[in-house]
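Please view the sequence and the structure before reading on.

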Amino acid sequence: MVKLLKIEFRKMHNSGLFLAGFAVVTLICLGISAIELSAKGFGIKESSYTDFMIYNATFVVVKFFAPLLMVLLAASVWGSEYANGMTKTFMLCKCSKSQFYISKNIFLLIMCAVISVLSFGVLTAVGIIRDSAGNTGAGDVWNMAKVYMLSAAGLIPITLITVLASIFLGDFQKSFACGLVVLLLSIAFDSVGAGSYLSPTHFLSCSPLTFYGTEKPISYAVLAAYIVILYLVGLFSFRKKDIWS
């Protein structure tokens, strides 16, 4: 399994997607930050750093662009390999379906964390630099880091939904389209208010609730249920799938 994980990282490195991905995330963060800084002021509700990280346009990175990148990556890692025959190649090398499934999902889990950490780092740097009054303390950064940790966990359901779509559809474009549609519908559902905790993207859209500790306890159980159920359904589906046809 460790070898399979290394292969995934090696493929990403050799294709240049690692550097390209880091560049894209950084440019998106800086671009949205530039738009936000030119359009609105700071200090509306709390410290300028907090406003910048939660209430303003910079959180669009977490709510839309980060999950969009994970949908794209999941469809590429799973859907593309059906089309180019790589899945069959791994099976011929006596790799079990369970090992194949687990290693790929561990890779995607790591990428969820990487995108969240990179986004948090870039946006935090911009927010602190812009805070000319120097009101940002270590406590503010740590509290915001906990929000982004939950946001990273919030990326997992939409990623696993795309993986499941890839298993059934076996095609990059169809899998990406399916993941994108679910993402957009889920973000739209997040705006309904009372029932939004049932959405797979709830923790990507409702950061103020997490930050202020007003999040409903059941929402954490719903997130865990999404992750466990989608993971197990994906594993069962992949083990039953006839990849040779």
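Helices (H or I, at least four residues) and strands (E, at least two) are DSSP runs, numbered from the N terminus. Tyr-231, for example, lies in helix α11, and Thr-124 lies in helix α6. The model is predicted, so local features need pLDDT of at least 70 and side-chain atom pairs count only at pLDDT 80 or more, while totals for chains, interfaces and linings use all residues. Residues are numbered from 1 along each chain as its sequence is written, and side-chain values use heavy atoms, with hydrogens and water left out.

**Overall build**

The protein has 11 helices and zero strands. Of its 245 residues, 44% count as buried. Buried means under 20% relative accessible area, exposed means over 50%, and partly exposed lies in between (1.4 Å probe, protein chains only). A contact means heavy atoms within 4.5 Å. Among contacts with a separation of 6 or more, 77% come from residues 24 or more positions apart.

**The nonpolar cores**

A nonpolar core is a set of buried Ala, Val, Leu, Ile, Met, Phe, Trp, Tyr and Cys residues joined through side-chain atoms within 4.5 Å. The largest one has 43 residues, and those with the most contacts inside it are Trp-78, Phe-107, Leu-108 and Met-144. Two or more residues come from each of α1 (2–15), α2 (17–39), α3 (48–55), α4 (60–83), α6 (97–130), α7 (138–169) and α11 (217–240). The greatest share, 11 residues, is given by α6. Apart from this core lies another, of nine residues, including Ile-156, Ile-158, Leu-160 and Leu-164.

Leaving aside neighbours within four places in sequence, the contacts of Trp-78 include Phe-100, Leu-108, Ile-167 and Phe-238.

Two packed helices are described by the angle between their axes and the distance between the axes. Axes are lines fitted to C-alpha atoms, for helices over the stretch in contact, and angles run from 0 to 180 degrees between N-to-C directions.

| Helix pair | Angle | Axis distance |
|---|---|---|
| α7 and α11 | about 25° | 9 Å |
| α6 and α11 | about 140° | 9 Å |

Where α7 meets α11, the residues include Leu-160 and Phe-168 in α7 and Leu-223 and Tyr-231 in α11. This contact has 17 nonpolar, three polar and no charged residues. Here Ala, Val, Leu, Ile, Met, Phe, Trp, Tyr, Cys and Pro count as nonpolar, Asp, Glu, Lys and Arg as charged, and the others, Gly among them, as polar. Between α6 and α11, the residues that meet include Tyr-101 and Asn-105 in α6 and Tyr-231 and Arg-239 in α11. By class, that contact has seven nonpolar, three polar and three charged residues.

**Two residues in detail**

Is Tyr-231 partly exposed or buried? Tyr-231 is partly exposed, with a relative accessible area of 26%. Not counting residues up to four places away in sequence, Tyr-231 touches Tyr-101, Ile-102, Asn-105 and Leu-160. Its C-alpha atom is separated by 8.8 Å from that of Pro-157, 74 residues apart along the chain.

Thr-124 is buried, with a relative accessible area of 8%. Beyond its neighbours within four places in sequence, Thr-124 is in contact with Tyr-49, Met-53 and Val-141.
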